[in-house]
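Please look over the sequence and the three-dimensional model shown here before reading on. The briefing that follows goes from the overall make-up to individual residues.

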Amino acid sequence: MRGSSPSTAGEPSPAPSPPRVQPRPGSSAGQDPSAVGIEPRPGSSPGLQRPRASGERGAPSAGDWAPVRGGGGSGWAGRAWAAAAMKFPGSVLISLVLFMSETAAALCLSAGYHDTGDRMWQTLTLLFALFPCALVQLSLVFIHRDVSRDRPLVLLLHLLQLGPLVRCVEALYIYFRAGRVEDPYVSITKKRQMPKDGYSEEVEKEVGQAEGKLRTHRSAFSRASVIQAFLGSAPQLTLQLYICVLQQEVTVARSIFMVLSLLSIVYGALRCNILAIKIKYDDYNVRVKPAAYLCIFMWRSFEIATRVTVLVLFGSVLQIWVFVVVLLNFLGFFLYPWILFWLSKSPFPENIEKELSRLGTTIVLCLLTFLYAGINMFCWSAAQVELSDPDLISKSQNWYRMTVYYIVRLMENAFLLLMWYIYRTDFYLYVCAPMLFLQLLIGYCMGIFFMLVFYQFCHPCKKLFSSSITEALLSCFKILYFICQHHKSTLLTGKVMMKSPENTDEARGSSKTIDSQNRNIHQSVSSNA
């Protein structure tokens, strides 16, 4: 999942005039540009540098590379500005803490299953812990391009499952070193502000090389958090809750592990939402407020917790049929992007990575749709995969697809709960089944409510929506109403057609008498003539 950047910076300059160097904050505004030393990029010829678009690998941000050194930026003011301009990599640290704590808890819990002789639970717990770990290592290596950069020590640490720890230490090192060592290169990014009174201004901003590296780390950990959440934590939470129901016991270790898994899933869903917003609205300067984070957290918590509970309750009474439900859901969402790609008749994507062959590109796309199916199994995926798009992510806000998803998912949850209520065992005699049924449906509706609040009031780019989500919901309900009315009319016509054989004989008899009367009148008229 990669984002695009504005292409205005990639336009060729018209004249061989010397490059314009903008003074950094803390330097004198009237300084002669010729007095500033211009250093060429290593491996390139001196002079005017080639504009580098952000879509290329290795470009930390959008815009033209403008090598700058010296001047007022090398003083204490310039260093303080460089340190203050960068955000602390808190998301990287949170991702690492969740990843390490959940992995350690899974290993401890699997050791406990080994001691009690539960081989099957031990195997499944290790599988759901190690499989996403391997995918996280591969994603970090792929995003940072460590194979082509010839970094054998980093690759070895990734093989030892220590990749996230090394990446976090590297991100913290870059952040704390930013104010001490000056950046020889900066890039100029051009972002549009959110429209105010119908107008939107374009703002230029200097981004140093260190800040660009930090952005790469944040992006890599965001994708790793999504992979860990929906390919590891979500199946793990479902498994452990299922074991608690079967064994009728909730241990301390298992409860801690389930809380960590739920937090990891909600955090991964939140990062997926933020990542989708930044990809869709890459041309704008997006700032997510705390109210938006709170709404997303509540929305995803209610949605994921109720979905996992419904699957566990249904699987506890109908063990075989739960695999059918999971398999149909997973295959449907896995094949859906490929069906849309086949119907669009678009060429095969070739711009994922230059070093990849056609087979490697196909494997990467299959892993992407695999992750997309895993997300939609438990909650709505904010980033909709579109293989025909160069960035592999749909840029449009499709309210109708979201509405259909939540209507179908609510009906599916209600059906699964109804099957659990009908076939529930004696274990649930001490549980108020109707109250639990109602609480789970209300919980899922609460998740939908916080989703509506987010898109209606707290979305950072709500001013760019062509129509609000309430208008889209009203139009969807109107379409459903017309469909129901059409269905009723077809049923009424069917009933009339069922009654029509009784009336056909009478109609035929009446038509015969009318024809005979007309024939007699014609004969009398002809005889009189």
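How many helices and strands are there in the protein chain? The protein chain holds 13 helices and 3 strands, where helices (H or I, at least four residues) and strands (E, at least two) are DSSP runs numbered from the N terminus. This is a predicted model, in which local features need pLDDT of at least 70 and side-chain atom pairs count only at pLDDT 80 or more, while totals for chains, interfaces and linings use all residues. Residues are numbered from 1 along each chain as its sequence is written, and side-chain values use heavy atoms, with hydrogens and water left out.

**Overall make-up**

- Of the 529 residues of the protein chain, 42% count as buried; buried means under 20% relative accessible area, exposed means over 50%, and partly exposed lies in between, computed with a 1.4 Å probe on protein chains only.
- The accessible surface comes to about 29200 Å², and 66% of this surface belongs to carbon and sulfur atoms; accessible areas come from the Shrake-Rupley method with a 1.4 Å probe, and for residues only the protein chains shown count as cover.
- Among contacts (heavy atoms within 4.5 Å) between residues at least 6 apart in sequence, 76% join residues at least 24 apart.

- Leaving aside neighbours within four places in sequence, Phe 230 is in contact with Pro 235, Ile 265, Gly 268, Ala 269, Gly 374, Ile 375 and Cys 379.

**Helices α11 and α12**

- Helix α11 (residues 399-423) has 25 residues and should span 36 Å at 1.5 Å a residue, which agrees with its end C-alpha atoms being 36 Å apart; the expected span is 1.5 Å times one less than the number of residues.
- Helix α12 (residues 433-458), with 26 residues, should span 38 Å, and its end C-alpha atoms are 36 Å apart, which agrees.
- The buried residues of α11 include Trp 399, Tyr 406, Arg 409, Glu 412 and Trp 420, and those of α12 include Leu 440, Tyr 444, Phe 450, Phe 454 and Cys 458.

**Salt bridges**

- The structure holds 4 salt bridges, each being a side-chain nitrogen of Lys or Arg within 4 Å of a carboxyl oxygen of Asp or Glu.
- Arg 307 and Glu 412 meet through their side chains in a salt bridge (3.5 Å, N to O); because Arg 307 lies in helix α8 and Glu 412 in helix α11, the pair ties together parts that are 105 residues apart in sequence.
- Glu 303 and Arg 300 form a salt bridge (3.1 Å, N to O), and they are separated by about one helical turn because they stand 3 residues apart in helix α8 (residues 290-317).
- Arg 167 and Glu 170 form a salt bridge (3.8 Å, N to O), in which Arg 167 is buried at 1% relative accessibility, whereas Glu 170 is partly exposed at 26%.

**Surface patch and loops**

- Met 100, Leu 153, Leu 156, Leu 159, Leu 160, Leu 162, Leu 165 and Val 169 form a nonpolar patch on the surface, with about 760 Å² of accessible area together; patches are made of residues with over 30% relative accessible area and no salt bridge, with like charges joined within 9 Å and nonpolar side chains (Val, Leu, Ile, Met, Phe, Trp, Tyr) within 5 Å.
- The largest share of this patch, 3 residues, comes from α4, and Leu 165, in helix α5, counts as partly exposed at 35% relative accessibility.
- Most residues other than glycine have a negative phi.
- Gln 161, in the loop between α4 and α5, has a positive phi near 65 degrees, and Gln 248, in the loop between α6 and α7 (252-280), has a positive phi near 55 degrees.
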